[in-house]
Amino acid sequence: MTMRTVYVNGDYLPENEAKVSIFDRGFLMADGVYEVTSVLGAKLIDFDGHFARLQRSLDELEMPHPAALDSLLEVHRELVRLNEIEDGMIYLQITRGAPDDRDFAFPDPGTTAPTVVLFTQNKPGMADSPAAKTGIKVISIADQRWGRRDIKTVQLLYPSMGKMMAKAAGADDAWMVEDGVVTEGTSNNAYIVKGGTIITRHLGNEILHGITRAAVLRFAREAQMKVEERAFSIAEAQGADEAFITSASTFVMPVVEIDGTKIGSGVPGTVAARLRDIYLDESRKAAQ
Ligand code: PLP
């Protein structure tokens, strides 16, 4: 891979020259939040949505807002330009910063500034992913994450383990189950379609409030499709006509198998395909 230009605390640097302290609370405590914004046609998809959620994540963790927040759109655009990204992602992470020693208590925000890091991921042709045509397979696993999944923290060990459990089972991803119902995928929101109605878990502390979820549900309602925001079980999903996931990097991605059971006829459904088209069209139009 060619050397990227990344952003660290106000500086644009070659990736091998960027440095963060070993005392950084992101490194020691997973005391950090992040966002992933897609780039299509060298433009940012739903930057405003990601920016609003970022501010909320910071506030929920009583993390000070870094000065860089004011220029975040410009920093995103500059990284797209410097790295010549046509299609791909911008990863952003803000941690509570690096005090001069390890301590469970939060450092004084007056003397410890947040750490702000951004880098690009180049994914040419990201919107034409072959998986969107074949669909993906998921397995179900217990949801063993903490209770504030609405905050987008960098505490991703369990989702990462979930992804490995899926791989070991010959699947692409895992849907997490708590109290007999699906919360979400390891890095995406989960949906089923039954009799034309789109069903996805209601918002709460149990799931991340997906920016793609919000947009897809809005487009679905605008297109007069029926939407129900409620929990569903794996058994209900296995008996559904269709299933799919959404996230900033996969957009709308059909799910064709859950725990070895084919969904509908085992091929991507028409509702998911239509939502994917609408989402990509509308998002490209509104991209900045
Ligand atoms: N749920 C989880 C646990 C996630 O990690 C993500 C994205 O990373 C999502 C849902 C989807 O959110 P978004 O559409 O904002 O990418």
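A cavity here is a set of grid points where a 1.4 Å probe fits but cannot get out. Rolling a probe the size of a water molecule over the atoms shows where empty space is left. The model on screen is predicted.

**Stop 1: the enclosed space**

How many cavities of 30 Å³ or more does a search of the whole structure find? The search finds 2. The largest cavity holds about 50 Å³ of space. To see its lining, select E35, T37, F47, H50, F51, L54, L72, H76 and L92. Of the elements, α2 gives the most, with 4 residues.

**Stop 2: the open space**

Next, select Y34, K152, T186, S187 and N188, which lie nearest the centre of the largest pocket. In total, 47 residues line this pocket, and about 1,200 Å³ of space lies in it. Several elements supply at least two residues each to the lining, among them β5 (88–95), β9 (181–185) and α6 (211–222). Helices α2 and α5 (157–168) are also on that list, as are strands β3, β13 and β14. Which element gives the most to the lining of the largest pocket? Helix α5 does, with 5 residues.

S247 is in strand β13 (residues 242–247), and at 10% relative accessibility S247 counts as buried.

**Stop 3: charged pairs**

Side chains of opposite charge can pair when their charged atoms come close. The whole structure has 20 salt bridges.

Select R56 and D150. Their side chains meet in a salt bridge, 2.9 Å from N to O. R56 is in helix α2 and D150 in the loop between β7 (136–142) and α5, so this pair links distant parts of the chain, 94 residues apart. R56 counts as partly exposed at 31% relative accessibility, whereas D150 counts as buried at 1%.

Now select E229 and R213, whose side chains form a salt bridge at 2.7 Å, N to O. E229 lies in strand β12 and R213 in helix α6, so the pair ties together parts that are 16 residues apart in sequence. E229 counts as partly exposed, with 33% relative accessibility, and R213 is buried, at 3%.

K262 is exposed, with a relative accessible area of 53%, while E257 is buried, with 17%. For the network, select D143, R145, R149, E178 and E184: salt bridges that share partners join them into one.

**Stop 4: strand β12**

Go back to the strand that holds E229 and select V227, which lies in β12 (residues 226–229). V227 is buried, with a relative accessible area of 17%. The C-alpha atoms of V227 and I199 are separated by 6.0 Å, although the two are 28 residues apart along the chain. Leaving aside neighbours within four places in sequence, V227 is in contact with T197, I198, L217, A220 and R221.

**Stop 5: a buried arginine**

Select R276, in helix α8 (residues 270–286). R276 is buried yet has no salt bridge. The nearest side chain of opposite charge, D277, is 5.8 Å away. What does the side chain of R276 reach at 2.7 Å? It reaches the backbone oxygen of V252. Beyond its neighbours within four places in sequence, R276 is in contact with residues including M126, A127, S129, A132 and F251.

**Stop 6**

Most residues other than glycine have a negative phi, and most peptide bonds are trans. F251 has a positive phi of about 60° although it is not a glycine. F251 is in strand β14 (residues 251–258) and is buried, with a relative accessible area of 1%.

End at D259, which is not a glycine and has a positive phi of about 50°. D259 lies in the loop between β14 and β15 (261–262). At 35% relative accessibility, D259 counts as partly exposed.

Terms used:
Residues are numbered from 1 along each chain as its sequence is written. This is a predicted model: local features need pLDDT of at least 70, side-chain atom pairs count only at pLDDT 80 or more; totals for chains, interfaces and linings use all residues. Side-chain values use heavy atoms; hydrogens and water are left out. Buried means under 20% relative accessible area, exposed over 50%, partly exposed in between (1.4 Å probe, protein chains only). Lys and Arg count as positive and Asp and Glu as negative; His and the chain ends are not counted. A salt bridge is a side-chain nitrogen of Lys or Arg within 4 Å of a carboxyl oxygen of Asp or Glu. A polar contact is a pair of N or O atoms within 3.5 Å; within protein, one must be able to donate a hydrogen and the other to accept it, and residues adjacent in sequence count only if both atoms are side-chain atoms. Contact means heavy atoms within 4.5 Å. On a 1 Å grid over the protein atoms alone, a cavity is a set of points where a 1.4 Å probe fits but cannot get out, and a pocket is an open set with protein on both sides within 12 Å along at least five of seven lines; lining residues have an atom within 4 Å of a point. Grid points are joined across faces, edges and corners, and a volume is the space filled by probe spheres set on the points.
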